[in-house]
Structure formats: structure tokens, C-alpha cells
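Please keep the sequence and the structure in view while reading.

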Amino acid sequence: ETAFRDGAASVSYAAVELIEELTSNTHQPRVLLIGLGEIGEDVAKNLVYLKDAQVTISNRTFAKAEALAGEYGFDALPFEGCFEAMKDADVIISSVMKSEPFITKGLVSNFEIKSYKLFVDLSVPRSIETALEDIPGVLLYNVDNIRSKASETLSKRTAAIPLVEGIIEESIREFYDWKKEMMVSP
């Protein structure tokens, strides 16, 4: 009855929601998640909501990638293979902690991009070079874009609180009216 539960309020869920929106016309989108720190792990948990996506996860610690992949029915990939896997992926999510960009324009410009390639950078500092946007067919979103989307959602939810409280008060009144009737009902 309200907007209280609409949209994603966490960065990880907002990222998955964005991916779902942008891949809606792609049959079985291939998603590659690189990095399983706190946010990467949250994203992995939310990727189960992408119903027909083929998800592959990679991490410096392969055992962690294997464990998470096994838990959610994803494929695990050794960290060394992630550059090669990027060529085939439709969506690349990077949650890698490095001081300089991990994914560069030089690397991606060698890829054959048939229609589009979506890059989602959830790292602070950035792990994907912003110059990627200059490559035809590349879409780049970063944690700030996604955070602002999540903040908007949170504002809408906060605005809906008085409506939710009104519904609760109305339900309580209805319950007490029903309870009074039950006292005198046979």
C-alpha cells in the first residue's frame, strides 16, 4: 500500500537491481564478479535474484570463491583467469581493493564487444579506469552512481513511514473493534 519496500536501499542490492534492469533484453546474461570482500560477498548473495544469469565469481583466495559458488550454484574461477573471462562476460562487477585501476582502457580495448559490456565498479578507490567509457559499447557505473540510487530509495522509504504508521494504527483500531464484537457475539 506504500513505497516503504520499493527499490533497493543497500549498495549491493542496488547494483544487482541495476544489472537486472540493464540486462533485461539479454538471454542468460553472463555475469563475472571479481573480488569477494564484504561488498563483493553481499553482491554475490543478491545475484541469486537474477533468475537466468550465468554467474561466475573470482577471488584472490580461490577457496572462498569455490565455497560461495557452491553455496549459490555459481561457477568459481581462479583469480588468474578473470582477465580472459572478461572477454566473454556481458557484465563485469569489480570489488577489488587496489591502489590503482585493476581494469584499464588498454585491457578492454582489446576485447571484441558485440553489443555492449557493462562494468560495475564497487571499489573505493576505483578499480576500473573511468576512460573505459570512451570505448564504444561499454557502460560503466561506479559505487557513487549506485549509492545515490540507494539513497534515493532510502529517502522514499523514510517518506512512507507516516503512511505505514497510519496503516498500523488503522489495523489496531479494527482489531480492537473486532475484539469488542467478539465479547458479545455468541
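Leaving aside residues up to four places away in sequence, Ala 76 touches Ile 57, Phe 62, Ala 65, Glu 66 and Ala 69. Like every value in this report, these contacts come from a predicted model. Ala 76 belongs to strand S3, which covers residues 75–78. With a relative accessible area of 29%, Ala 76 is partly exposed; the class of partly exposed residues lies between the buried limit of under 20% and the exposed limit of over 50%. One of the contacts, Glu 66, is ten residues away along the chain, and its C-alpha atom is separated from that of Ala 76 by 5.3 Å.

Leu 36 is situated in the loop between strand S1 and helix H2 (38–47). Its relative accessible area is 1%, and Leu 36 is therefore buried. When residues up to four places away in sequence are not counted, Leu 36 touches Glu 41, Ala 44, Ile 57, Ser 58, Asn 59, Lys 64, Ala 65 and Leu 68.

Val 43 is part of helix H2. This residue has a relative accessibility of 0% and so counts as buried. Its contacts, again without residues up to four places away in sequence, are Ser 12, Val 16, Leu 33, Ile 93 and Leu 122.

| Pair | Separation in sequence | C-alpha separation |
|---|---|---|
| Ala 76 and Glu 66 | ten residues | 5.3 Å |
| Val 43 and Ala 14 | 29 residues | 9.2 Å |
| Leu 36 and Asn 145 | 109 residues | 20 Å |

The strands may be considered next. Strand S1 (residues 30–34) pairs with S2 in the parallel sense, over five bridges. Within this pairing, Arg 30 stands opposite Gln 54 of S2. Strand S2 comprises residues 54–59, and five of its six residues are buried, so S2 is largely enclosed by the rest of the structure.

Which residues of S6 lie on the covered face, and which on the uncovered one? In this strand, residues 138–142, the covered face holds Val 138, Leu 140 and Asn 142, while Leu 139 and Tyr 141 form the uncovered face. In a regular strand, side chains alternate between the two faces of the sheet.

The protein contains six helices and six strands, and their order along the sequence is α-β-α-β-α-β-α-β-α-β-β-α. The radius of gyration is 22 Å, well over the 16 Å that the globule rule gives for 186 residues, so the protein is more spread out than a compact globule. The C-alpha atoms fill a box of roughly 80 × 35 × 35 Å along the principal axes.

Of the 186 residues, 38% count as buried. The accessible surface comes to about 10,800 Å², and carbon and sulfur atoms account for 52% of this area. Among contacts between residues at least 6 apart in sequence, 65% join residues at least 24 apart. The protein carries 19 positive and 30 negative side chains, and the centres of these two sets lie 2 Å apart.

Conventions. Residues numbered from 1 in each chain as written. Predicted model: local features only at pLDDT ≥ 70, side-chain atom pairs only at ≥ 80, totals over all residues. Heavy atoms only, no water. Helix = DSSP H or I, 4+ residues; strand = E, 2+ residues; numbered from the N terminus. Rg over C-alpha atoms; globule rule 2.2 N^0.38 Å. Buried < 20%, exposed > 50% of the residue type's maximum accessible area, 1.4 Å probe, protein only. Contact = heavy atoms within 4.5 Å. Areas by Shrake-Rupley, 256 points an atom, 1.4 Å probe, with all protein chains shown as cover. Lys, Arg positive; Asp, Glu negative; His and termini not counted. Charge placed at Lys NZ, Arg CZ, Asp CG, Glu CD. Pairing = 2+ DSSP bridges.
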